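Subject: Structure for you to look at

Hello,

Here is the structure I promised to pass on. Please open it first, then read my notes below.

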Amino acid sequence: MSALCQPVAPALGWRSAEVATRIPNWANRAQHHRYRGLRPGQSRYLPLVAQLLLVEDDPAIRGALIRALTEYGHAVASSPDAMGALRQILEAAPDLVLLDLGLPDLEGYEALRMIRAVSAVPVVIITARDDESEIIRALDAGADDYVIKPFGGGQIEARIRAVLRRVSRPGDSRGGPLEVGGLRLDIDAHVATLDGAPLDLSRREFDLLHYLALHAGQVVARRDLLTHVWRMPYGGADKTVDVHISWLRRKLGETAQQPRYIHTVRGVGVKLSAPP
């Protein structure tokens with residue numbers, strides 16, 4: 001059996017020594033990425049690094065999964081409980097959540113219900129509960145997939161890829177670079193330049209600029225930005241948008257008082273347009 005097919009760890013009674021021996025050694029994966037010509041931060045399987053939130057109370061299991069998923073190229077944050085996970089979902093807006101059902105503060109289904117009340121983020125259940133009624137209950141409650149422990153690193157990575165393929169972002173066009181004045185966004189390469197000079201943007205800043213560029217010349221409401229960029233269709237803090245707009249303006253060399261590309265329409269939203 002291939003190393004990638006070995007279980008990450010036993011479903012029950014995990015011990016640190018067992019976890020350490022069962023996690024495949026992918027130390028050469030970074031070299032493989034460079035050899036294949038992939039850009040830094042890119043996964044072999046996804047166009048860009050996915051930001052994952054792992055909600056798991058067992059420290060050995062949590063550590064094992066973080067190591068495995070990081071080796072696959074993902075950025076992984078974690079929480080040992082449901083309330084901490086909810087805070088991270090609201091503040092960081094991850095691309096996907098891996099949720100264990102046996103949490104210390106809230107029953108897993110209650111945690112899932114609370115997540116669904118504030119976010120449309122994809123949720124993959126990871127649990128040792130293998131009863132069909134549990135699987136049906138989780139999927140009906142809003143989970144996007146259900147993976148039974150023990151599972152291999154390759155299997156959970158494939159499940160993540162499959163879910164993220166299904167949950168395509170609205171307006172996520174791959175039809176070529178977008179240009180607004182001297183601003184150019186290469187979506188496939190995840191590169192933004194201003195007058196030929198590269199912009200050092202975070203993933204969220206790039207997503208925000210991308211969405212505004214797709215609607216260049218149009219006023220975009222903050223609620224739309226929260227829905228499509230932060231994936232918070234049930235609302236969120238407008239201040240989150242304002243802070244990222246401020247950071248983006250700084251990197252574009254402008255201010256709210258002297259805008260060039262990003263214009264605020266008071267009481268309506270934000271507009272990206274080329275300078276006159």
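Is Asp-195 buried or exposed? Asp-195 is exposed, with a relative accessible area of 57%. Here buried means under 20% relative accessible area, exposed over 50%, and partly exposed in between (1.4 Å probe, protein chains only).

Two points on the source. This is a predicted model: local features need pLDDT of at least 70, side-chain atom pairs count only at pLDDT 80 or more, and totals for chains, interfaces and linings use all residues. Residues are numbered from 1 along each chain as its sequence is written, and side-chain values use heavy atoms, with hydrogens and water left out.

Backbone first. Most residues other than glycine have a negative phi, and most peptide bonds are trans. Asp-195 is not a glycine, yet its phi is positive, about 55°. Asp-195 sits in the loop between β8 and β9 (197-198). Helices (H or I, at least four residues) and strands (E, at least two) are DSSP runs, numbered from the N terminus. His-190 also is not a glycine and has a positive phi of about 55°. His-190 lies in the loop between β7 (183-186) and β8 (191-194). His-190 is partly exposed, at 22%. A cis peptide bond joins Lys-149 and Pro-150, with omega about 0°.

Next, helix α4 (residues 82-92). Its buried residues are Ala-82, Gly-84, Ala-85, Leu-86 and Ile-89. They pack against β1 (51-55), β2 (75-79), β3 (96-99) and α5 (108-118); contact means heavy atoms within 4.5 Å. Asp-81 caps the N-terminal end of α4, with a side-chain oxygen 2.7 Å from the backbone nitrogen of Gly-84. After α4 comes Ala-93, whose phi is positive, near 45°.

Now the salt bridges. The term means a side-chain nitrogen of Lys or Arg within 4 Å of a carboxyl oxygen of Asp or Glu. By this rule there are 14. One of them joins Lys-149 and Glu-56 (3.0 Å, N to O). This pair links distant parts of the chain, 93 residues apart. Lys-149 and Glu-56 are buried. Another salt bridge joins Arg-222 and Asp-242, with the closest N and O atoms 2.8 Å apart. Arg-222 lies in helix α9 (residues 222-228) and Asp-242 in helix α10 (residues 238-251), so the pair ties together parts 20 residues apart in sequence. Arg-222 is buried, at 18%, while Asp-242 is partly exposed, at 34%. Salt bridges that share partners also join Glu-56, Asp-100 and Lys-149 into one network.

Best wishes

Conventions:
Polar contact = N/O pair within 3.5 Å; in protein donor to acceptor, adjacent residues only side chain to side chain.
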